Amino acid sequence: GMGISVLGPTFEDLAANVHKNISDISYIFIGRAAGYIGGSLIGGILFELMNPHILLGISILLTAFGMFAIPFCKQALLLAGIMSFVGMSMGALDTGLGKVQVSPFTGLFCCCCRRCNLYGSRCYNKRCTW
(Lines give C-alpha, C1' and ligand atoms only; values in the text may rest on other atoms or scores of the structure.)
Protein backbone atom coordinates (compact mmCIF):
# COMPACT_ATOMS: atom_id res chain seq x y z
CA GLY A 1 0.00 0.00 0.00
CA MET A 2 2.73 2.45 0.87
CA GLY A 3 4.58 1.76 -2.36
CA ILE A 4 1.56 2.73 -4.41
CA SER A 5 0.49 5.74 -2.39
CA VAL A 6 3.91 7.29 -1.79
CA LEU A 7 4.03 8.93 -5.22
CA GLY A 8 1.23 11.42 -4.59
CA PRO A 9 2.60 13.21 -1.51
CA THR A 10 6.17 13.25 -2.83
CA PHE A 11 5.32 14.35 -6.38
CA GLU A 12 6.37 18.00 -5.89
CA ASP A 13 9.65 16.97 -4.29
CA LEU A 14 10.39 14.51 -7.09
CA ALA A 15 9.69 17.24 -9.67
CA ALA A 16 12.09 19.59 -7.87
CA ASN A 17 14.65 16.81 -7.62
CA VAL A 18 14.74 16.35 -11.41
CA HIS A 19 14.41 20.12 -12.08
CA LYS A 20 11.09 19.81 -13.94
CA ASN A 21 7.58 21.13 -13.51
CA ILE A 22 4.94 18.83 -12.10
CA SER A 23 3.15 18.68 -15.45
CA ASP A 24 6.40 17.69 -17.19
CA ILE A 25 6.88 14.48 -15.20
CA SER A 26 3.30 13.27 -15.02
CA TYR A 27 4.28 10.38 -17.30
CA ILE A 28 5.85 8.60 -14.34
CA PHE A 29 2.31 7.60 -13.33
CA ILE A 30 1.90 5.95 -16.74
CA GLY A 31 5.31 4.29 -16.41
CA ARG A 32 4.42 2.81 -13.05
CA ALA A 33 1.02 1.61 -14.27
CA ALA A 34 2.53 0.01 -17.38
CA GLY A 35 5.16 -1.65 -15.23
CA TYR A 36 2.47 -2.92 -12.87
CA ILE A 37 0.55 -4.52 -15.73
CA GLY A 38 3.69 -6.06 -17.17
CA GLY A 39 4.82 -7.28 -13.75
CA SER A 40 1.43 -8.86 -13.15
CA LEU A 41 1.60 -10.73 -16.44
CA ILE A 42 5.19 -11.86 -16.03
CA GLY A 43 4.67 -12.62 -12.34
CA GLY A 44 1.68 -14.81 -13.13
CA ILE A 45 3.80 -16.91 -15.45
CA LEU A 46 6.80 -17.06 -13.11
CA PHE A 47 4.72 -18.00 -10.08
CA GLU A 48 3.47 -21.04 -11.97
CA LEU A 49 6.98 -22.13 -12.96
CA MET A 50 9.06 -21.41 -9.85
CA ASN A 51 8.85 -21.55 -6.08
CA PRO A 52 6.37 -18.78 -5.18
CA HIS A 53 7.86 -18.04 -1.77
CA ILE A 54 11.29 -17.31 -3.24
CA LEU A 55 9.72 -15.09 -5.90
CA LEU A 56 7.75 -13.22 -3.23
CA GLY A 57 10.98 -12.52 -1.36
CA ILE A 58 12.71 -11.35 -4.53
CA SER A 59 9.76 -9.11 -5.43
CA ILE A 60 9.75 -7.52 -1.98
CA LEU A 61 13.50 -6.87 -2.17
CA LEU A 62 13.27 -5.40 -5.68
CA THR A 63 10.42 -3.13 -4.59
CA ALA A 64 12.42 -1.98 -1.57
CA PHE A 65 15.53 -1.27 -3.64
CA GLY A 66 13.50 0.63 -6.21
CA MET A 67 11.75 2.71 -3.56
CA PHE A 68 15.13 3.45 -2.00
CA ALA A 69 16.60 4.57 -5.35
CA ILE A 70 13.77 6.95 -6.31
CA PRO A 71 14.94 9.97 -4.24
CA PHE A 72 18.42 9.74 -5.75
CA CYS A 73 17.20 10.13 -9.35
CA LYS A 74 18.35 13.40 -10.89
CA GLN A 75 17.02 12.78 -14.42
CA ALA A 76 13.36 12.50 -15.37
CA LEU A 77 13.78 9.51 -17.68
CA LEU A 78 15.74 7.61 -15.04
CA LEU A 79 12.97 8.40 -12.56
CA ALA A 80 10.36 7.08 -15.00
CA GLY A 81 12.42 3.93 -15.58
CA ILE A 82 12.79 3.24 -11.88
CA MET A 83 9.09 3.92 -11.32
CA SER A 84 8.32 1.41 -14.07
CA PHE A 85 10.67 -1.08 -12.43
CA VAL A 86 8.97 -0.55 -9.06
CA GLY A 87 5.60 -1.00 -10.76
CA MET A 88 6.76 -4.29 -12.26
CA SER A 89 7.95 -5.62 -8.94
CA MET A 90 4.75 -4.50 -7.17
CA GLY A 91 2.61 -6.11 -9.88
CA ALA A 92 4.47 -9.39 -9.55
CA LEU A 93 4.25 -9.14 -5.77
CA ASP A 94 0.48 -8.58 -5.79
CA THR A 95 -0.03 -11.41 -8.26
CA GLY A 96 2.06 -13.74 -6.15
CA LEU A 97 0.28 -12.82 -2.95
CA GLY A 98 -3.02 -13.59 -4.62
CA LYS A 99 -1.72 -16.99 -5.66
CA VAL A 100 -0.01 -18.00 -2.44
CA GLN A 101 -2.57 -16.42 -0.10
CA VAL A 102 -0.12 -15.83 2.69
CA SER A 103 -2.71 -14.71 5.22
CA PRO A 104 -4.84 -17.39 6.87
CA PHE A 105 -7.70 -14.90 6.90
CA THR A 106 -7.78 -14.69 3.10
CA GLY A 107 -9.40 -18.11 2.87
CA LEU A 108 -11.83 -17.20 5.63
CA PHE A 109 -12.98 -14.05 3.85
CA CYS A 110 -13.35 -15.92 0.59
CA CYS A 111 -15.58 -18.54 2.17
CA CYS A 112 -17.59 -16.01 4.12
CA CYS A 113 -18.51 -14.06 1.01
CA ARG A 114 -20.14 -17.16 -0.53
CA ARG A 115 -18.82 -16.17 -3.92
CA CYS A 116 -19.19 -19.75 -5.06
CA ASN A 117 -22.90 -19.72 -4.45
CA LEU A 118 -23.50 -16.23 -5.79
CA TYR A 119 -21.77 -16.71 -9.11
CA GLY A 120 -22.47 -20.40 -9.55
CA SER A 121 -18.81 -21.20 -10.07
CA ARG A 122 -16.17 -23.11 -8.20
CA CYS A 123 -14.09 -21.16 -5.70
CA TYR A 124 -10.39 -21.11 -6.56
CA ASN A 125 -9.29 -21.01 -2.94
CA LYS A 126 -7.90 -24.44 -2.02
CA ARG A 127 -8.92 -24.01 1.62
CA CYS A 128 -12.49 -23.09 0.74
CA THR A 129 -15.03 -25.61 2.02
CA TRP A 130 -18.11 -24.34 0.18
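**Aromatic pairs, overall fold and a pocket**

1. F29 has a relative accessibility of 34% and therefore counts as partly exposed, since that class lies between the limits of 20% and 50%. The model under discussion is a predicted one.

2. The ring partner of F29 is F11, and the two form a tilted aromatic pair, with 5.0 Å centre to centre and 50 degrees between the planes. This pair links distant parts of the chain: F11 belongs to helix α2 (residues 11-17) and F29 to helix α3, 18 residues apart. F11 has a relative accessibility of 10% and so counts as buried, because the limit for that class is under 20%.

3. In total, the structure holds two aromatic pairs. The other involves F68 and F72, whose ring centres are 5.3 Å apart; their planes stand at 55 degrees, so this pair is tilted. Both F68 and F72 are exposed.

4. Concerning the fold, the protein chain contains seven helices and zero strands. Along the sequence, the pattern reads α-α-α-α-α-α-α.

5. How much of the protein chain is buried? Of its 130 residues, 35% fall into the buried class. The accessible surface of the chain amounts to about 8,400 Å², and carbon and sulfur atoms contribute 69% of that surface.

6. The contacts of the chain also deserve a remark. Among those with a separation of 6 or more, 61% are between residues 24 or more positions apart.

7. The second largest pocket has a volume of about 200 Å³. Its lining consists of 13 residues, and S59, L62, M88, S89 and A92 are the ones that lie nearest the centre of the pocket.

8. Which helices each supply at least two residues of the lining of the second largest pocket? They are α3 (27-49), α4 (52-69) and α5 (76-100). The largest share, five residues, comes from α3, the helix that also holds F29 of the aromatic pair described above.

9. In summary, the reader may wish to inspect two places in the model.

Terms used: Residues are numbered from 1 along each chain as its sequence is written. This is a predicted model: local features need pLDDT of at least 70, side-chain atom pairs count only at pLDDT 80 or more; totals for chains, interfaces and linings use all residues. Side-chain values use heavy atoms; hydrogens and water are left out. On a 1 Å grid over the protein atoms alone, a cavity is a set of points where a 1.4 Å probe fits but cannot get out, and a pocket is an open set with protein on both sides within 12 Å along at least five of seven lines; lining residues have an atom within 4 Å of a point. Grid points are joined across faces, edges and corners, and a volume is the space filled by probe spheres set on the points. Helices (H or I, at least four residues) and strands (E, at least two) are DSSP runs, numbered from the N terminus. Rings of Phe, Tyr and Trp (its six-membered ring) pair if their centres lie within 6.5 Å; planes under 30 degrees apart count as stacked, over 60 as edge-to-face and the rest as tilted. Buried means under 20% relative accessible area, exposed over 50%, partly exposed in between (1.4 Å probe, protein chains only). Contact means heavy atoms within 4.5 Å. Accessible areas come from the Shrake-Rupley method with a 1.4 Å probe; for residues, only the protein chains shown count as cover.
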